[in-house]
Amino acid sequence: TASPKLLGFVDKFRSRAGEYPPDALSMNAHDYVWMFGLTIMRTGKYDSENIKNAPPHIAKIYFDASGWVLLGENGDRVGGSSYEVWAVVIEGGKLK
């Protein structure tokens, strides 16, 4: 969904990577890295248990390039998120 956060990310991505537009994987990776960084900053702990257990709480308040990062009980992204469906196709005799 277009938002000021998404548009800002797209501009930065294009200026640094030279690609346009960034794909969903790029936006999600950006948001998850920031979400885990916020987890460490808010809890003051850098360990795997902290990162594993805190994101659902942190995710409730996090909105960025890919939208709201809401997580279910298993850590899967849920609710209101946009996503892409990818497929392997043959174009010109080559897999793409």
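Colleague: Which seven residues form the largest nonpolar core?

Modeller: A nonpolar core is a set of buried Ala, Val, Leu, Ile, Met, Phe, Trp, Tyr and Cys residues joined through side-chain atoms within 4.5 Å. Buried means under 20% relative accessible area, exposed over 50%, and partly exposed in between (1.4 Å probe, protein chains only). In this predicted model, the seven residues of the largest nonpolar core are M35, A54, I58, A59, Y62, V69 and L71.

Colleague: How many residues are in the other core that lies apart from it?

Modeller: The members of this other core include F9, V10, M27 and A65. Its number of residues is six.

Colleague: How confident is the predictor, and what is the chain's average pLDDT?

Modeller: This is a predicted model, in which local features need pLDDT of at least 70, side-chain atom pairs count only at pLDDT 80 or more, and totals for chains, interfaces and linings use all residues. Residues are numbered from 1 along each chain as its sequence is written, and side-chain values use heavy atoms, with hydrogens and water left out. pLDDT is the predictor's confidence in each residue, from 0 to 100. In this chain 94% of the residues score at least 70, and the average is 84.

Colleague: Which element has the lowest mean pLDDT?

Modeller: Helices (H or I, at least four residues) and strands (E, at least two) are DSSP runs, numbered from the N terminus. Strand β3 (residues 90-91) has the highest mean, 95. The lowest mean, 80, belongs to helix α4.

Colleague: What is the volume of the second largest pocket?

Modeller: On a 1 Å grid over the protein atoms alone, a pocket is an open set of points with protein on both sides within 12 Å along at least five of seven lines, whereas a cavity is a set of points where a 1.4 Å probe fits but cannot get out; lining residues have an atom within 4 Å of a point. Grid points are joined across faces, edges and corners, and a volume is the space filled by probe spheres set on the points. For the second largest pocket this comes to about 190 Å³.

Colleague: Which element gives the largest share of that pocket's lining?

Modeller: The lining of the second largest pocket includes K5, F9, F13, H30, W34 and D64. Two or more residues each come from α1 (4-17) and α2 (24-43). The largest share, seven residues, comes from α1.

Colleague: How many residues in that lining are charged?

Modeller: Asp, Glu, Lys and Arg count as charged; Ala, Val, Leu, Ile, Met, Phe, Trp, Tyr, Cys and Pro as nonpolar; and the others, Gly among them, as polar. The lining has four nonpolar and two polar residues. The number of charged residues is four.

Colleague: Which residues does K5 contact, leaving aside neighbours within four places in sequence?

Modeller: K5 is in helix α1 and is partly exposed because its relative accessible area is 43%. Contact means heavy atoms within 4.5 Å. With those neighbours left aside, K5 is in contact with F63, D64 and A65.

Colleague: Is N50 buried or exposed?

Modeller: N50 sits in helix α3 (residues 48-53), and its contacts beyond four places in sequence include T39, I40 and P55. Because its relative accessible area is 9%, N50 is buried.

Colleague: How far apart in space are V85 and L38, C-alpha to C-alpha?

Modeller: V85 is in the loop between β2 (67-68) and β3, and is exposed because its relative accessible area is 73%. V85 and L38 are 47 residues apart in sequence. In space, C-alpha to C-alpha, they are apart by 29 Å.
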